[in-house]
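Please examine the sequence and the three-dimensional model shown below.

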Amino acid sequence: MARYDKKQGWNKTHLFIQKSLDKINKDIPKKNKSIIITDFGSHHFSNANFIIANSLRENGFDVKIRPLSECKPATPDYWLVSILTVQQYLDIPKFFKKINKNPIREKRDDKTIFIAGGYPLGSNPEPIADFFDLIGIGEYDDIGDMIEDDTQFYRPSEYDVNYEEDGSVKDTNQPKIKKRFVSEFTSDPQLMYGKFFQTEISRGCKNKCPYCQLGWGRPYREVDKTKFFNIARKIRNFKSNKFNPWSSDLFGVSYIKEFMEFSEKYNIKTDFGSVCLNRIKEIDKIRGSVNLRIGVEGISERLRMILKGKKITNDELIEDIRFGIEEKNIGTIKLFFMYNYPTEDKDDIYNHKEFLMGLRSIKKRFVLSLKYTPIQPLPQTPFQFNKFVETFDNLIMIKEIDGEIKGMEKNYSKVQRFSFPDTRAFFTALERGGRYWSDILLKKPNKDNWKELITHIINPQKLLDYRKYENIEPWDFIDVGFSKRQLYEIYKKRNGIKGV
Ligand code: SF4
């Protein structure tokens, strides 16, 4: 991500994009239409937004980039707001306050068309539907070609939605809307800092884990191999010492082994990002001491069977980690676990203890980082039918086990981070919610007060509970390329549920 400096503006990071823009901008007929882009990452500007800015400039628009902290009153023709996480929904009222406009669309009398886009909106835009004129559903790398065609966006003002007590939809006139995907994406490299470059190598994920929007939210595509190596060679010529191709699961990319040989040959360091479980042995070209991030997900063998769909025993996992540390010189292993699955019990937690104890057999010293997050039943995934477990009981047991093991670790020093159920409950409710959230967002909700604020509209407990297949959910009107029935069948299979 590019950094913003108050005095200097955006630093000279986007060499490739910026150079091509300067060239392009000379010959493009100007459209006389102004656009401001605001990234709610505030001090950062994502690569996706540079691509969007590039596409708009190529089409003759006058584009300015304003981080949230630098927003002030203005009346451009379009104001694009980029929202990368559901947590950033909380910044929407602040944004409208900074630019001195009414946040509620219907109360705003303004020539500016406010368009929101970003990852969470592609799964469910309804929680912020009352704020924006148009909402992008999916990918808009080519936005410069079609921003003036509002049929390419979701137009919330045209639809009415009423809700049941559990947050499902009572009645609506929303038609089905197809999520947009581009067939080819730019993959322009971004300079992060120093001579460290990053570029997107693939989108989507072939693994399709049943809880993951990255797997279900987009079809899998990868950058053409020849194009990618042209970029890699340019970066090598720039004497880059670090280059990360970005992907949800790098080892799923068909030509990744060739890239690893390339980076080995030219002494370019690569961070492998998060690695899918059981991939450690594929990293046969790793040099030096590196960090490895692995999404283990299920805390026990039984839960890994549900979450990953395959038997991955503690012994296999320990053996993979041993291989990485003892034979490939990896210094830090970061493991990500999800806890509070609806059927998780004491046996799962004891099984997790066995795993932690088993790591003592590794003969080389290493740093073990463990991160525990409550599993969220997210829209547009098979586990959307699950309930969210709000209890702290399992977290307390996991912490107790960690306390017991402390001091018994022979070869590893341990770092833990826990994400708490009450915070995740709040964000799960927001992700699963309808457009009633826009009003609640104006009241500064947080993990402690959201239930109280929302209870006159829907029942917060029911919103977080199991969902029936027959319910119409606030996001059901988005066609993401697979049916709700397909998701439901996977949910049933993973949970051993028989019948309809
Ligand atoms: S491997 Fe990772 S990114 Fe891919 S679907 Fe599974 S959890 Fe998501």
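Strand β7 (residues 113-117) pairs with β8 in the parallel sense over two bridges; two strands count as paired if DSSP finds at least two bridges between them. Helices (H or I, at least four residues) and strands (E, at least two) are DSSP runs, numbered from the N terminus. The model is a predicted one, in which local features need pLDDT of at least 70 and side-chain atom pairs count only at pLDDT 80 or more, while totals for chains, interfaces and linings use all residues. Residue numbers start from 1 along each chain as its sequence is written.

Within β8, I135 is the bridge partner of A116. The open sheet comprises five strands in the order β5-β3-β6-β7-β8, with parallel pairing. Because β5 (62-65) and β8 (134-135) stand at the edges with a single partner strand each, one side of each is left without a neighbour in the sheet. Helix α2 (residues 47-58) packs on this sheet and touches β3 (34-39), β5 and β6 (78-82). The direction of α2 makes about 175° with that of β3; axes are lines fitted to C-alpha atoms, for helices over the stretch in contact, and angles run from 0 to 180 degrees between N-to-C directions.

Helix packing comes next. Helix α9 (residues 314-328) and α10 pack at an angle of about 30°, their axes being 10 Å apart. The two helices α9 and α10 are therefore roughly parallel to each other, a term for angles under 35 degrees. In their contact (C-beta atoms, placed from the backbone, within 7 Å), N314, L317 and I318 of α9 meet N351, E354, F355 and G358 of α10. These residues of the contact of α9 with α10 divide into three nonpolar, three polar and one charged.

Helix α10 (residues 346-358) also packs with helix α11 (residues 393-405), at an angle of about 30° and with the axes 10 Å apart. On the α10 side the contact is made by K346, I349, H352, K353, L356 and M357, and on the α11 side by N394, M397, I398, I401 and I405. Seven nonpolar, two polar and two charged residues make up the contact of α10 with α11.

Technical notes
Contact = placed C-beta atoms within 7 Å. Nonpolar A, V, L, I, M, F, W, Y, C, P; charged D, E, K, R; others polar. Parallel < 35°, antiparallel > 145°, perpendicular 65-115°, else oblique.
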